[in-house]
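Hello,

Here is the structure I promised to hand over. Please open it alongside these notes.

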Amino acid sequence: MNGDGKSDRSIVPKNSPNKGRDASRSAEGVEERDRANGNSGQQTRHRAQDRACLQQALDRVRQAAKKDRKLQFTTLWHHVYEVDHLRASFYALKRKGVSGVDGVTWQAYAERLEDNLQDLSERLRCGAYRAKPVKRAYIQKPDGRQRPLGVPTLEDKLVQRTTAQVLSSVYETDFLGFSYGFRPGRSQHNALDAVSVGIHQKKVSWVLDADVCGFFDAIDHDRLVEFIERRIADQRVIRHIKKWLNAGVMEDGKRRRMECGTPQGGSISPLLANIYLHYVLDVWTHDWRKTQAQGDVMIVRYADDFIVGFQHRADGERFLAELKEHFRFFGLELHEGKTRLIEFGRFAAENRRGRGDGKPETFDFLGFTHYCGTSRKGRFIIKRKTVRRKLTAKLKQMKRELRKRLHDSIPEVGKWLRQVVTGHDRYYGVPGNIKSLKSFRFWLARLWLRSLRRRSQKHRTTWVRMMRLMSRWFPPARIYHPYPSQRLCVNTGGRSPVR
């Protein structure tokens, strides 16, 4: 149901004939046909119908949310426990994902899929579903620290994903335009484009490069639930969100309850983080720049990473001081060593040269170092290059992987490295970053050369042969992305990208 209390469920006949055609052709819709050779037992048609059914239901929710921005939804949970919706979410999960504390894999769950989904749907409907603790895992960060991740069980992933889709249909109408993280139709490169275009179009002379300390581990559960209840009045949804927040983590065989925070790795964690920052940061900043700022202010946020640009230094200093106090009230804290207000923009180089301060400082955002530059015609442009520490961390990872593949054949290693180089270029291949792309190829080839030479004490691998291997297996450096102004103008239709 939507906020009007009317049911929006629809029954789609599985064998309905095509409309608008003659009788002979419409008969094809219900004609029994043999399955084509090689087709699996799971019909793609059935899965497509599941996705279409869910999309139709969520479209009605989205329209109601857009029509009334203060509407509270009282009946949303039935969208979650519908078997068709759960099936669509199941096939959207990663099939090679790590299993949770119960050890159930995607393949094992799929063996009795319909029985499992029916059982899960019944437990969700009658309130017998219980969230299990997440399995703690760690990944290495570029600075040497470890980032904690949480691996939910497969059923928790499944229910969380479906719930996140339902809630997104409501909150996508509320989220502001400068929020880009983990939202449908938006990516990291859209946020990067918005930063470049925003600094160009706005009168930005100062940039606040902010970093939130351990954001995902600092989210206050009570305040998060309070924010969600502003739009969601269905207590079944609220109750299950509390279950996931209070499920705790399993580490070294011991279960530990979490008083605050939401584990990174859960399907619903990005949405909960966006909801929290929407009310804590986005709405507050949007109101601040309309009522407190003396000049232009732009902001771009991707998850917990955000960049704020100011026309006047006084605005930036006042904003930073008030933001710290505002964050403290909600249990968040800015990293003192990584949060900086720097002079950056069209006139930064000229002003600093006049004071004898040297070149303008740089800032890092989403893997790219942004710095002031000039075009061939002498006009101000923002240039971007791969963050050095991320490039170094990637090469160290490749060194470890090449050691594991020391005795694999050259074609096997070459095919793998081709995928690595292509994936690297697809993210970092932005205009002006060709030098970093070529540098990555050179150092990766050097690591491969050292790996080949370790195979034997009497190696015959020379740089001449290495160059032939590079030309055979490494695709040439390529810029995959257009200039920021070109892509952002298409995506926003000429509207402000940082509104």
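**The positive patch**

Two helices, α15 (388-404) and α17 (434-453), each supply at least two residues of a positive patch. Helices here are DSSP runs of H or I of at least four residues, strands are E runs of at least two, and both are numbered from the N terminus. The model is predicted: local features need pLDDT of at least 70, side-chain atom pairs count only at pLDDT 80 or more, and totals for chains, interfaces and linings use all residues. Residues are numbered from 1 along each chain as its sequence is written, and side-chain values use heavy atoms, with hydrogens and water left out.

The patch lies on the surface and gathers Lys396, Lys399, Arg400, Arg403, Arg446, Arg450 and Arg454. Patch residues have over 30% relative accessible area and no salt bridge (a Lys or Arg side-chain nitrogen within 4 Å of an Asp or Glu carboxyl oxygen). Like charges are joined within 9 Å. The largest share, four residues, comes from α15. Arg454 sits in the loop between α17 and α18 (463-473). Arg454 is partly exposed at 42% relative accessible area, which is between the cut-offs for buried (under 20%) and exposed (over 50%), using a 1.4 Å probe and protein chains only.

**Strand β6**

Now the covered part. In β6 (residues 297-302), six of six residues are buried. Val297, Ile299 and Arg301 are on one side; Met298, Val300 and Tyr302 are on the other. β6 pairs with β7 (residues 305-310) in the antiparallel sense, over six bridges; pairing takes at least two DSSP bridges. Arg301 stands opposite Phe306 in β7.

Best regards

Methods
Patches are made of residues with over 30% relative accessible area and no salt bridge: like charges are joined within 9 Å, nonpolar side chains (Val, Leu, Ile, Met, Phe, Trp, Tyr) within 5 Å. Accessible areas come from the Shrake-Rupley method with a 1.4 Å probe; for residues, only the protein chains shown count as cover. Lys and Arg count as positive and Asp and Glu as negative; His and the chain ends are not counted. The place of a charge is taken as NZ of Lys, CZ of Arg, CG of Asp or CD of Glu.
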